[in-house]
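Come along while I look up which side chains meet.

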Amino acid sequence: MRSGERYAERMRLPVAGWLAVIVLAVLAGALSNFGDLRWWRVAASVALMAAVVLGAVWLCRLRVSVAEEDGEVWLHVDDAKLPMSAVAEVQMLEGTAYSDALGVALHPLAFVVQRPWIGRGVRVVLDDSEDPTPYWIVSSRRPDRLKAALTASREPVEA
């Protein structure tokens, strides 16, 4: 973690996902030239395999973090930033609640960052009359830790 961060995670593919990507890349490359080993077809096959692998790497680049900056706690999801002063509530979503939140219960103006290989996350409900976004839904492998990092600054300090 970087300095000032309370929580950080990357939405990486699991090992089985990488195996599926490699099999898909090899299959796409093999089928693209049908055994004809002319140099331009081999080059196209290699380029196709590289494109599949680079696409998977691009999907795994997403970073979720909670950091304290200038006395305020911020939720960072890739390039998007949300101050905790604009948050009303943080809810942990797992299993059916998570799939329902992404399906029939999803508000059309919600900010959603999810990866299909991660089956849980958090809903961050906003309290900002200027923002039409009602809430954020963010995938997380450890939604309990993400929620704890987000809500730690909101709890009253006991004397």
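**Charged pairs**

I began with glutamate 5 and arginine 63, whose side chains meet in a salt bridge at 2.9 Å, N to O. I noted that this is a predicted model. The two partners come from distant parts of the chain: glutamate 5 is in strand β1 (residues 5-10) and arginine 63 is in strand β2, 58 residues apart. I then asked myself: is glutamate 5 buried or exposed? Glutamate 5 turned out buried, with a relative accessible area of 14%, and arginine 63 is buried too, at 17%.

Next I looked up glutamate 68 and arginine 6, which form a salt bridge of 3.1 Å, N to O. Glutamate 68 lies in strand β2 and arginine 6 in strand β1, so this pair ties together parts that are 62 residues apart in sequence. Here glutamate 68 is partly exposed at 40%, and arginine 6 is partly exposed at 31%.

Arginine 61 lies in the loop between α2 (39-59) and β2, and aspartate 78 in the loop between β3 and β4 (80-83), so parts 17 residues apart in sequence are tied together. The count for salt bridges comes to 4.

**Rings**

How many aromatic pairs are there? I found 2 aromatic pairs. The rings of tryptophan 39 and tryptophan 40 have centres 6.0 Å apart and planes at 85°, so I wrote this pair down as edge-to-face. Tryptophan 39 is exposed at 65% relative accessibility, while tryptophan 40 is partly exposed at 45%. Phenylalanine 111 and tryptophan 136 make a tilted pair, 4.3 Å centre to centre with 45° between the planes. This pair links strand β6 (residues 111-113) with strand β8 (residues 135-139), its members being 25 residues apart. Tryptophan 136 is buried at 7%.

I also checked for charges over rings. Lysine 81 lies over the face of tryptophan 74, at 4.9 Å from the ring centre. The charged end of arginine 123 sits over the ring of tyrosine 135, 5.3 Å from its centre.

**Nonpolar cores**

Last, I turned to the largest nonpolar core, which has 23 residues. Among those touching the most other members are Val66, Trp136 and Leu146. Elements that each supply at least two residues of this core include β2 (63-69), β8 and α4 (143-151). Leaving aside neighbours within four places in sequence, I listed the contacts of leucine 146: Tyr7, Val64, Val66, Leu75, Val122 and Ser140. A second, separate core of 6 residues includes Tyr98, Ala101, Tyr135 and Ile137.

Technical notes
Residues numbered from 1 in each chain as written. Predicted model: local features only at pLDDT ≥ 70, side-chain atom pairs only at ≥ 80, totals over all residues. Heavy atoms only, no water. Phe/Tyr/Trp six-rings, centres within 6.5 Å; stacked < 30°, edge-to-face > 60°. Buried < 20%, exposed > 50% of the residue type's maximum accessible area, 1.4 Å probe, protein only. Helix = DSSP H or I, 4+ residues; strand = E, 2+ residues; numbered from the N terminus. Lys NZ or Arg CZ within 6 Å of the ring centre and 35° of its normal. Core = buried A, V, L, I, M, F, W, Y, C linked by side-chain atoms within 4.5 Å. Contact = heavy atoms within 4.5 Å.
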